[in-house]
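Here are some notes to read beside the model on your screen. Take them one at a time, and find each residue as you go.

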Amino acid sequence: SNSPTLRALIERDGGELELSQLLSDERDAIKAALTEPGADVILVSGGSSVGAEDHAPAVLAEVGELPIHGVAMRPSSPTGIGHIGDVLVFLLPGNPVSCLCAYDFFAGRAIRILGGRNGEWPHRRLNAVVARKIASEVGRVDYCRVRLVDGAVEPIALSGASILSSTTRADGFVIVPAASEGYGAGTSVDV
């Protein structure tokens, strides 16, 4: 399910999709795909965590460099960022919401910058007041999906950070920085 989403995001950001492959969870298949010449950026969706079948981080570290693996962000914590020579490689989580968030935070910016575009968010921004507290945990960035109700921001109630319907029900998102416990009612935030 991530391939169509990533294809659309790549096009939005001015990139050209050179190749899309469905790979098995086998080291050799992943290694062959990562070392195939031609791309400026490689996106790997899935297999980026720390499970027994999550081979992408070890393979990337073997054939290139993986200076970042695991980010203090919800959703998207198993994201990895590395390179093979001059080719940037982004290990994106397999969960669709985590994949979307990790692409927006990291890969999308890189693709825009490599294409000579502005690296900032490609989304329309507005400032609004929080109607109901947006809770977060100090030490991690939260990508909080929100609705605008009568011009005010309300977080979408989630039983988990990676609930796919939260992206279709949302009017936008609020980024809660790692140093914050969230935003109380009455706080002005960027959406």
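1. The largest nonpolar core holds 13 residues, and Leu6, Phe90, Leu92, Tyr103 and Ile111 have the most contacts inside it. Such a core is a set of buried Ala, Val, Leu, Ile, Met, Phe, Trp, Tyr and Cys residues joined through side-chain atoms within 4.5 Å; buried means under 20% relative accessible area, with a 1.4 Å probe and protein chains only. H1, S5 and H4 each supply at least two residues of this core, and the largest share, 6 residues, comes from H4. The labels H and S stand for helices (H or I, at least four residues) and strands (E, at least two), which are DSSP runs numbered from the N terminus.

2. A word on the model: it is predicted, so local features need pLDDT of at least 70 and side-chain atom pairs count only at pLDDT 80 or more, while totals for chains, interfaces and linings use all residues. Residues are numbered from 1 along each chain as its sequence is written, and side-chain values use heavy atoms, with hydrogens and water left out.

3. Now look at Leu92. Beyond its neighbours within four places in sequence, Leu92 is in contact (heavy atoms within 4.5 Å) with residues including Leu6, Leu43, Val44, Cys99, Ala102 and Tyr103.

4. Which residues of helix H3 are buried? In H3 (residues 56–63) they are Ala56, Pro57, Val59 and Leu60. These lie on the same side of H3 because they cover an arc of only 165 degrees around the axis, judged by the directions from the helix axis to the C-beta atoms. Among the elements covering them are helix H2 (27–35), strand S1 (41–45) and strand S5 (87–92).

5. The largest pocket has a volume of about 1200 Å³. A pocket is an open set of points on a 1 Å grid over the protein atoms alone, where a 1.4 Å probe fits, with protein on both sides within 12 Å along at least five of seven lines; lining residues have an atom within 4 Å of a point. Of its 38 lining residues, Leu17, Leu19, Ser20, Ile42 and Leu43 are the closest to its centre.

6. About 340 Å³ of space lies in the second largest pocket. It is lined by 15 residues, with Arg124, Arg125, Phe173, Asp190 and Val191 nearest its centre. Strand S10 (172–176) and strand S12 (188–190) each give two or more residues to this lining, and S10 gives the most, with 4 residues.

Methods:
Buried means under 20% relative accessible area, exposed over 50%, partly exposed in between (1.4 Å probe, protein chains only). Grid points are joined across faces, edges and corners, and a volume is the space filled by probe spheres set on the points.
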